[in-house]
Amino acid sequence: MANFHTHLNISAFGSAVGSGMMFYSGLTTKPESVLLFSAGIIGGILPDIDSDNSTPVKIMKYIFANLISFFILFKYIGIYPIGNLILIWILSFVSSLFIFSIFNRLTHHRGMFHSIPAAFIAWFSFSLLFYYVFHYNYLISWYFGMFVFGGYIIHLVLDEIYSVDLSNAKIKRSFGSALKLFNKDYKIVTIFYLLAISLYFIMPYKKGFINSFTKFDIITTYNKILRNEKR
């Protein structure tokens, strides 16, 4: 499997390209594009959240806990005094780490969290979180989840690529354990599929999200990028 730095760098590159294309196509503003860039990076390291062995992954969990606490805190800025806000941040941070610890006990690495259904669950979960909890507009919420999904898929593809040993012309035992649709635990598989389908049905304004891409013209966008570079 690919290491943490490879996942981080490749997902960052893919996110930069994708968010740049979204901006130059007129689908997002500059701040929104930065947000989508961050989403792709989150998605690129998210599948390894079920691993508790490596130091980078442990650091990642603290970063996620801080991000979650920040988003929760941001919602209450201007509503509560500073003392209450500090308490909200502390409770959010500690609760996030507690949830991660429970999560690690219930999961094992390279299980169903390394799968295509899990990538869709990540997409819909983040979109719903941004729309219903943080009150972003529906399109940015859809796009944010979409970039998380993109980063997630990049992670899975990299793990499969690194499962092939080209120098010795052999396939490692880990091949097929990342970019998969199911595993042997059919109860867990059923839960994942039911969750993905359920989340999709409560996603807001599906038609509006699909129609937004009628504005997207890759050739026109590419020409805009070239014109900008010439300046």
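A residue counts as buried when its relative accessible area is under 20%, as exposed when over 50%, and as partly exposed in between, using a 1.4 Å probe and protein chains only. With that in hand, in α1 the buried residues are F4, T6, H7, S11, A12, S15, S19, G20, M21 and M22.

Before going further, I should state the basis of this talk. The model is predicted, with local features requiring pLDDT of at least 70 and side-chain atom pairs counted only at pLDDT 80 or more, while totals for chains, interfaces and linings use all residues. Residues are numbered from 1 along each chain as its sequence is written, and side-chain values use heavy atoms, leaving out hydrogens and water.

Let me begin with the overall layout. The chain has nine helices and two strands, where helices (H or I, at least four residues) and strands (E, at least two) are DSSP runs numbered from the N terminus. Along the sequence, the pattern reads α-α-α-α-α-α-β-β-α-α-α. The chain has 231 residues, of which 42% count as buried. Taking contact to mean heavy atoms within 4.5 Å, residues 24 or more positions apart account for 73% of the contacts with a separation of 6 or more.

I return to α1. The expected span of a helix is 1.5 Å times one less than its number of residues. For the 21 residues of α1 this gives 30 Å, and the end C-alpha atoms are 30 Å apart, which agrees. After α1 comes G26, with a positive phi near 85 degrees.

Next, the core. A nonpolar core is a set of buried Ala, Val, Leu, Ile, Met, Phe, Trp, Tyr and Cys residues joined through side-chain atoms within 4.5 Å. In the largest one, of 43 residues, those touching the most other members are L46, F64, W123, Y143 and F144. At least two residues each come from α1 (4-24), α2, α3 (55-76), α4, α5 (116-133), α6 and α7. Helix α6 gives the most, with 10 residues. As for W123, its contacts beyond four places in sequence are W142, G145, M146, F149, M203 and F209.

How do α2 and α6 pack, and at what angle do their axes cross? The axes of α2 (residues 30-45) and α6 (residues 138-161) come within 6 Å and cross at roughly 35 degrees; axes are lines fitted to C-alpha atoms, for helices over the stretch in contact, and angles run from 0 to 180 degrees between N-to-C directions. On the α2 side, the contact includes L35, L36 and A39, and on the α6 side it includes Y143, F144 and F147.

S95 lies in helix α4 (residues 82-106) and is partly exposed, at a relative accessible area of 38%. S96, also found in α4, is buried at 8% relative accessibility. S95 is 30 residues from A65 in sequence, with their C-alpha atoms 8.4 Å apart. S96 touches A65 and I68, leaving out residues up to four places away in sequence.

Finally, a backbone detail. Most residues other than glycine have a negative phi. Y205, however, has a positive phi, near 45 degrees. Y205 sits in the loop between α7 (186-201) and α8 (206-212), and at 53% relative accessibility it counts as exposed.
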